[in-house]
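Subject: Handover of a structure, with findings

Dear colleague,

Please find below the structure that I am handing over to you. My notes on what was found in it follow directly after.

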Amino acid sequence: MKANTADKLSIKHIVNSKITSVDFNNLDFGKTFTDYMFECDYVDGQWKNPTIKPYGPMIIDPSARVFHYGQAVFEGMKAFKDDHGEVWLFRPEQNFERINLSSKRLAIPEFPKEFFFEGLTTLLKLDKDWIKPGFGNALYIRPFVIATEPAIAASPAEQYKFMIICSPAKAYYTGEIRVLFAEKYSRSAHGGVGFAKAAGNYGAQFYPTNLANQAGFQQIIWTDAIQHEYLEEAGTMNIFFRVGDKLLTAPTNDRILDGITRKSILQIAQDIGVSCEVRPVSVTEIKAAAQEGKLKEMFGTGTAAVISTISAFKHADDLYELPELENSYASKLKNTLLNIQYNVSPDPHGWRYKI
Ligand code: COI
């Protein structure tokens, strides 16, 4: 990774904040953006000129390779404000490491740690009024990298832009989540880019997800591309199943995103004495568990989704509704996670990062 780390972060200030025009009680996920954004360019083999400036449109050449070959990766993070007005990130080193892992797979040069953390923390200090306290309020942070070089040969670009934009957010899923188990389309295959937060992984899900929406299902649980028999992830979330008193989730591999919320939930489950098995989970066993009344819960985990309960699933012609549970594992795990994220409880694993 090459960077001109002698480059100082330059800040161009806003004239007026947009914040007074925002209704923080009525936010559509990802449609409102803060006053500032961070950007840094990769040119002549180096990351250069880290800059924070007013959020706004930018000029990119129509031949930029990102438009033609999808050379783009991103991250999802959240900042939380506690009741004393302090701002916290949750395991940001994990996001830093993962964006570089994704970049490597897409032949994008890795981004330097000092630029990432200096850009991010300075941006959050400038935009701190956009972070509201209270469970459910957060600032969703979207770091991303795009290939900006104007050239349409199908090869890796020589110029990139790394950016961070921020959006005040509430829940990602607001209504019921009913899911289809994938039987025809696949999200990723062995040897592919499924583990990366590559933009194309998400775009490729839109068409099958539209079909699922038309059939009354909000999401698809992707299955392995060969047999469509092993339940992998939901695209915006990793997936957990509670069978009896045990939680099951698929192991991560080169097809499945190594979710930071997923691994935190596995740790919290261990901390609070919920037994977990990380192993391939088959469609057959989940349908059998549902038929026998042993499938108690299904939920997804992710930065945007936090922990989102799934109320029904369909596979082939079989539809299963899951009863609403009091004292569900999902709600216990979610409360423990939120208490850590919002600095309400101790942080036994050192996950909080103060801004
Ligand atoms: C996230 O949870 O941060 C994600 O990246 C999912 C998404 C909103 C695409």
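Which backbone N or O atom lies 3.4 Å from an oxygen atom of the ligand? The atom belongs to Thr 303. Please bear in mind throughout that this is a predicted model.

**The ligand and its surroundings**

A polar side-chain atom of Tyr 140 is 2.5 Å from a ligand oxygen atom, and for a polar side-chain atom of Lys 197 the distance to an oxygen atom of the ligand is 2.7 Å. On its own the ligand has 280 Å² of accessible area, and the protein covers 91% of that. The residues that surround the ligand include Phe 74, Gly 76, Arg 142, Tyr 172, Tyr 202 and Ala 304.

**Aromatic pairs**

Across the whole structure, a search finds 26 aromatic pairs. One of them involves Tyr 172, which was named above among the residues around the ligand. Its partner is Phe 29: the ring centres are 4.6 Å apart and the planes stand at 85°, so this pair is edge-to-face.

Phe 90 and Trp 351 form another edge-to-face pair, with 5.6 Å from centre to centre and 80° between the planes. Phe 90 belongs to strand E6 and Trp 351 to the loop between H7 and strand E19, so this pair ties together parts 261 residues apart in sequence. Phe 90 is buried, with a relative accessibility of 9%, and Trp 351 is buried at 6%.

There is also an aromatic cluster, whose members include Phe 38, Trp 47, Phe 111, Tyr 160 and Tyr 353.

**Helix H7**

Helix H7 runs over residues 329–341. In general, an α-helix has 3.6 residues a turn, so residues three or four places apart point the same way. Just after H7, Asn 343 adopts a positive phi of about 60°.

With kind regards

Note on methods: Residues are numbered from 1 along each chain as its sequence is written. This is a predicted model: local features need pLDDT of at least 70, side-chain atom pairs count only at pLDDT 80 or more; totals for chains, interfaces and linings use all residues. Side-chain values use heavy atoms; hydrogens and water are left out. Helices (H or I, at least four residues) and strands (E, at least two) are DSSP runs, numbered from the N terminus. The expected span of a helix is 1.5 Å times one less than its number of residues. A residue is near a molecule or strand if one of its heavy atoms lies within 4 Å of it. A polar contact is a pair of N or O atoms within 3.5 Å; within protein, one must be able to donate a hydrogen and the other to accept it, and residues adjacent in sequence count only if both atoms are side-chain atoms. Accessible areas come from the Shrake-Rupley method with a 1.4 Å probe; for residues, only the protein chains shown count as cover. Rings of Phe, Tyr and Trp (its six-membered ring) pair if their centres lie within 6.5 Å; planes under 30 degrees apart count as stacked, over 60 as edge-to-face and the rest as tilted. Buried means under 20% relative accessible area, exposed over 50%, partly exposed in between (1.4 Å probe, protein chains only).
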